[in-house]
Amino acid sequence: MSSSPLISIVLPTYNGSRFLAGSVDSVRRQTYPHWELLIQDDCSTDGTPELITRLAASDPRIKPARNSSNLRLPLSLNAGFARASGTFLTWTSDDNEYRPEALEAMLDVLVSDPAAGLVYCDMTYTDDEGRPQELWTAPGPGEIGVVNPVGGCFLYRRAVRDAVGDYDDRWRLVEDWEYWVRIACRFPLRVLHRDLYLYRRHAASLTATRMAEIWRMRMEMLAVWLPKIQGLSPRSRS
């Protein structure tokens, strides 16, 4: 493996102009410089396309693309990762931000632990204006049947994507959790207890507006996958 492997970060966005610049700036401030940021615009109708053009002009590592039709999140992620060149992969949201050492710290875990497929971290919830509210401590991998332990800050190997495939549009709203479950069926997950991400909670977020639907989807998804996961805690299994 190269001593400075490339990290590909997919950033899907739809009408995300309010917070997008802050999310991109948090990538540009990373202590680890070998990354590419693949912005995937899902047919935004506000000022997002113009903002993306300005942001891409500021750094050649920022690589924008626009979907030909509105795909929504899982398929936008797949479109972004289809363009990725990195040895390690992740994605972030247009309203959240990395702490400067996030990529470097997660990469160190995966490089030092070749068996691990994915690493994830603690994070801080912020309010609409980005003011810190509370620390979220990531649950252990064995809790994946009770909660989504991965949160918003994670890194995984390209070999993991090659093995488990794309995000599944059937599990829209819980597409991330379902993906981590698929990974957990085949690769060890590692938790890094460092606060490396700022997760913004605001009235327009999916969590705030579609909680009942998210709950229904998570129960259907877990019913399919729980029997196949190894290493669950007793709480998850029950």
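Predicted model: local features only at pLDDT ≥ 70, side-chain atom pairs only at ≥ 80, totals over all residues.

Colleague: How many helices and strands does the chain have?

Modeller: Helices (H or I, at least four residues) and strands (E, at least two) are DSSP runs, numbered from the N terminus. The chain here has nine helices and nine strands. Its radius of gyration is 17 Å, close to the 18 Å that the globule rule gives for 238 residues, so the chain is as compact as a globular protein of that length. The radius is taken over C-alpha atoms, and the rule is 2.2 Å times the number of residues to the power 0.38.

Colleague: What percentage of the residues is buried?

Modeller: Buried means under 20% relative accessible area, exposed over 50%, and partly exposed in between, with a 1.4 Å probe and protein chains only. In this chain, buried residues make up 53% of the 238.

Colleague: Which residues have the most contacts inside the largest nonpolar core?

Modeller: In soluble globular proteins, nonpolar side chains tend to be buried together. A nonpolar core is a set of buried Ala, Val, Leu, Ile, Met, Phe, Trp, Tyr and Cys residues joined through side-chain atoms within 4.5 Å. The largest one here has 69 residues, and Ile7, Leu37, Phe81, Ile144, Tyr156 and Trp180 have the most contacts inside it. Helix 4 (residues 102–112) supplies the largest share of this core, seven residues.

Colleague: What does isoleucine 7 contact?

Modeller: Contact means heavy atoms within 4.5 Å. Apart from neighbours within four places in sequence, isoleucine 7 has contacts that include Tyr32, Trp35, Phe88 and Leu155.

Colleague: Against which elements do the buried residues of helix 3 pack?

Modeller: The buried residues of helix 3 (73–82) include Leu77 and Phe81. Among the elements they pack against are strand 1 (7–13), strand 2 (35–41) and helix 6 (175–184).

Colleague: In which sense do strand 2 and strand 3 pair?

Modeller: Two strands pair if DSSP finds at least two bridges between them. Strand 2 and strand 3 (residues 62–66) are parallel, with five bridges. Aspartate 41 stands opposite arginine 66 in strand 3. With helix 2 (residues 48–57), the two strands make a right-handed β-α-β unit. Right-handed means that, with the strands pointing away from the viewer, the path from the first strand over the helix to the second runs clockwise.

Colleague: Is glutamate 134 buried or partly exposed?

Modeller: Glutamate 134, in strand 7 (residues 132–136), counts as partly exposed because its relative accessibility is 40%. A polar contact is a pair of N or O atoms within 3.5 Å; within protein, one must be able to donate a hydrogen and the other to accept it, and residues adjacent in sequence count only if both atoms are side-chain atoms. The side chain of glutamate 134 makes such a contact with the side chain of arginine 201, at 2.7 Å.

Colleague: Where is arginine 200 found?

Modeller: Arginine 200 is in strand 9 (residues 189–200), and it counts as buried because its relative accessibility is 9%. A polar atom of its side chain lies 2.9 Å from the backbone oxygen of aspartate 128.

Methods
Residues numbered from 1 in each chain as written. Heavy atoms only, no water.
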